Amino acid sequence: MNPFETLRFAVGGLAANKVRSGLTMLGVLIGVAAVIILLAVGNGSSQAVKDSIEKLGTNALTVSSGGGFGGSSAATSTKPLTVDDARALADPASAPDVESVAPEVTTSQTALYDGTSHSVNQVVGTYPAYFKASNSKVAKGDYFSADDVLNSRKVAVIGSTTATDLFGTASPVGRKIVIGGTPFTVVGVLDTKGGTGFQDPDDTVIAPLPTVQNAFTGFGPVSQILVEAKSADATTPAQNEITTVLMSQHGIKDSSALDFRVSSQASLLDTQASTNKTFTVLLGAVAAISLLVGGIGITNIMLVTVTERTREIGIRKAIGAPKGVILGQFLAESTLLSLVGGGLGVIGGLIGSRFTIVGIKPVVIPESVVGAFVIAVAIGLFFGSYPANRAASLRPIEALRHE
Amino acid sequence: MRQLLSGRLGRVRTGAHRAAGPDGAAAPVEEENLWGPSPVIEVRSLLKTYGHGDAAVRALGGPPDPVTGVSPGVDLVVEQGDMVAVMGSSGSGKSTLMNILGCLDVPSDGRYLLDGIDVGGLDEHQLSLVRNRKIGFVFQSFNLVPRTPALAQVELPLAYAGVKAAERRRRALAALSLVGLADRVDHRPNELSGGQQQRVAVARALVTAPAMLLADEPTGNLDSHSTEDVLAIIDRLNASGRTVVLITHEDEVARHAKRVLRLVDGQVVADVRQAPVDGPPPALRDPAVFAAHAPHALTSGGS
Ligand SMILES: Nc1ncnc2c1ncn2[C@@H]1O[C@H](COP(=O)(O)OP(=O)(O)OP(=O)(O)O)[C@@H](O)[C@H]1O
Ligand SMILES: [Mg+2]
């Protein structure tokens with residue numbers, strides 16, 4: 001019995017029961033394809049987070065009000081962040097690693113244009129430095145200038161989502177929109193940032209700080225201060241300088257009782273990336289379970305097949321088939337099943353990964369393809385050989401009498 | 001391939017003799033081997049029980065002696081070229097004996113020497129070689145491999161013997177035409193009549209040219225015409241020197257044998273010789289006389 005003949009016997013055995021062989025193959029196919037697609041979806045979403053880290057700029061630091069992560073015991077004397085704090089941070093003598101500073105106030109308002117109403121996620125009042133620090137670039141028109149800020153001009157740069165919602169395909173630059181009862185002239189439209197979160201970063205209106213304070217928030221504290229460090233490497237010294245400057249501004253002596261928080265964009269996104277990792281692991285677990293179910297399918301089919309064909313095994317043994325040959329035939333059958341099923345699963349998984357799934361563009365992990373395929377074949381081999389070995393070990397007469 | 005096989009079995013034989021050394025002293029078997037050609041089948045104090053304790057069924061070997069508590073066991077010697085019919089009532093142990101002779105089952109006790117080889121000393125792989133090369137087994141219930149055409153069916157033992165495809169096909173076709181089924185080679189078992197299936201089974205048993213043909217009620221499921229066909233084939237095989245052991249319930253079939261054994265309760269109670277070991281079987285010795293003595297007139301087209 002050469003390998004080719006063993007293979008021919010195996011193909012004959014599988015063809016003898018096409019429906020059963022087909023269903024088993026389908027089980028393996030789904031298992032393998034699920035592993036590949038689900039892991040690709042997980043990988044795709046963390047890839048998207050990585051991309052947005054680059055988009056947001058790794059040099060940016062955010063100063064916000066409130067205690068540290070440990071919770072502040074001196075919370076009673078919390079001083080809010082003010083424009084004066086921002087001005088102190090912009091002093092190159094005390095904070096040499098800071099490139100630029102942009103205090104921010106944010107609010108939510110409804111924007112109107114020509115009868116179209118749109119509720120804007122985030123209306124930001126800030127300084128021009130905000131654009132560079134937050135990696136926001138205009139696609140059409142221009143940024144507002146320092147002069148606009150000084151003169152409290154009612155001008156605004158709007159996000160791409162806001163633009164399409166209000167203007168459709170028309171160009172918004174130079175047009176007047178009414179935000180919360182105040183007319184603003186649109187001077188620029190931002191590039192689409194895209195994002196993975198539930199908040200659309202492109203649904204935004206950015207206007208000069210005093211204008212927004214005057215119109216909506218009043219001239220009180222600011223929501224946060226966006227600081228840009230001189231370089232990515234300078235974020236840590238800049239963070240220390242900010243802490244020192246603000247401690248003296250707020251009259252805090254104890255560095256463990258801060259009433260503000262400095263965080264880098266990169267560290268925020270790191271947290272998000274690790275959340276994503278959990279997501280990927282979860283998807284992987286689901287995928288592994290489906291692969292396992294596929295494997296149990298093979299085991300079950302081989303068990304049924306062997307039990308059903310025990311008499312046949314007895315006949316073959318009675319006419320002198322060595323145990324190894326019988327084992328080889330059944331092993332070849334289960335290997336064929338899992339090879340073909342696994343192969344089709346790989347093809348299915350790769351095709352499935354070309355589509356966007358729940359807003360995520362899957363990115364195939366090559367290791368998952370190899371891994372899923374190898375595991376499927378290994379399961380087929382292992383669980384295929386077990387029942388066959390059991391039957392082939394019977395005495396011919398026992399096998400022949402089997403019912 | 002065939003040389004390899006004979007080399008293998010040769011090794012087996014010496015191995016078996018060495019293994020038989022310690023307990024072989026009491027057996028007269030060894031002495032006989034020294035003087036003449038060893039008989040094809042030699043069985044000493046064979047016992048077969050199923051189950052344990054009170055539920056034990058003594059299928060072969062007879063009831064235990066009331067004094068010693070030991071069953072006498074079955075002793076049987078079948079010479080090369082003999083044609084033996086085994087008869088006996090249902091449950092008398094015929095199939096049990098046959099399965100042991102065919103190496104499909106193992107005895108509970110006793111020794112079985114096939115062509116001088118102690119079968120008890122063979123391992124799994126050697127046993128499969130013995131089944132493949134030395135024994136052709138025909139079952140009462142045909143036992144063809146399902147969904148397999150007749151030709152592939154008959155090629156199967158040759159495939160397991162490692163015979164090349166072309167040679168295999170040639171020999172399988174020859175065996176099938178010997179049983180008169182040259183025009184049915186592509187038929188599957190479910191497309192063949194019972195008699196035709198049994199003839200495929202006979203072709204499969206004889207295609208490896210085994211020294212011994214064992215048949216458990218080969219004609220049990222067949223009509224009288226098919227019975228004649230199958231018996232004619234068996235007669236010719238015996239005439240060409242094959243040893244044949246067959247089980248039957250019918251006197252008409254037993255008439256073809258050179259020797260008739262009768263089993264009762266797992267023991268041989270009668271052993272009648274109808275024709276000498278050497279020479280053709282009764283049916284071919286004097287066909288006209290044989291046919292004339294048939295209990296009912298049959299068409300002679302069968303042979
Ligand atoms: N696997 C088994 N387990 C238990 N008892 C068995 C088994 N096989 C056979 N027997 C018993 O052994 C005895 C002999 O059985 P065997 O098949 O040899 O009879 P037989 O002579 O061939 O009968 P028949 O002419 O009906 O075929 C019977 O009593 C049977 O019940
Ligand atoms: Mg029987």
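Trainee: Why is Ser160(A) called buried?

Mentor: Ser160(A) has a relative accessible area of 15%, and buried means under 20%, exposed over 50% and partly exposed in between (1.4 Å probe, protein chains only). So Ser160(A) counts as buried. Bear in mind that this is a predicted model, where local features need pLDDT of at least 70 and side-chain atom pairs pLDDT 80 or more, while totals for chains, interfaces and linings use all residues. Residues are numbered from 1 along each chain as written, chains are lettered from A and ligands numbered from 1 in written order, and side-chain values use heavy atoms, without hydrogens and water.

Trainee: What makes the meeting of Ser160(A) and Thr192(A) a polar contact?

Mentor: Their side chains are 3.1 Å apart. A polar contact is a pair of N or O atoms within 3.5 Å; within protein, one must be able to donate a hydrogen and the other to accept it, and neighbours in sequence count only if both atoms are side-chain atoms. Ser160(A) itself sits in helix α6 (residues 160-167) of chain A; helices (H or I, at least four residues) and strands (E, at least two) are DSSP runs, numbered from the N terminus.

Trainee: Which backbone atom does the side chain of Thr204(A) reach?

Mentor: The backbone oxygen of Gln122(A), at 3.1 Å. Thr204(A) belongs to strand β8 (residues 204-208) of chain A and is buried at 5%.

Trainee: Why do Arg87(A) and Asp84(A) count as a salt bridge?

Mentor: A salt bridge is a side-chain nitrogen of Lys or Arg within 4 Å of a carboxyl oxygen of Asp or Glu. Here N and O are 2.9 Å apart, so the pair qualifies. Both residues lie in helix α3 (residues 83-89) of chain A, 3 residues apart, about one turn of the helix. Arg87(A) is exposed at 53%, whereas Asp84(A) is partly exposed at 46%.

Trainee: What makes Glu398(A) and Arg395(A) a salt bridge?

Mentor: Their closest N and O atoms are 3.6 Å apart, so they too meet the cut-off.

Trainee: Which parts does the salt bridge of Asp271(B) and Arg259(B) tie together?

Mentor: The closest N and O atoms of this pair are 2.9 Å apart. Asp271(B) lies in strand β11 (residues 267-273) and Arg259(B) in strand β10 (residues 259-264) of chain B, so the pair ties together parts 12 residues apart in sequence. Arg259(B) is buried at 8%, while Asp271(B) is partly exposed at 43%.

Trainee: How do you know on which side of α6(B) the buried residues lie?

Mentor: Those residues are Arg168(B), Arg171(B), Ala172(B), Ala175(B) and Leu176(B). They cover an arc of only 135° around the axis, which puts them on the same side of α6(B); the arc is that of the directions from the helix axis to the C-beta atoms. The face turned away carries the exposed Ala166(B) and Arg170(B).

Trainee: Why is Phe355(A) called exposed?

Mentor: The relative accessible area of Phe355(A) is 54%, so the residue passes the exposed cut-off. Phe355(A) is found in the loop between α11 (323-352) and α12 (366-392) of chain A.
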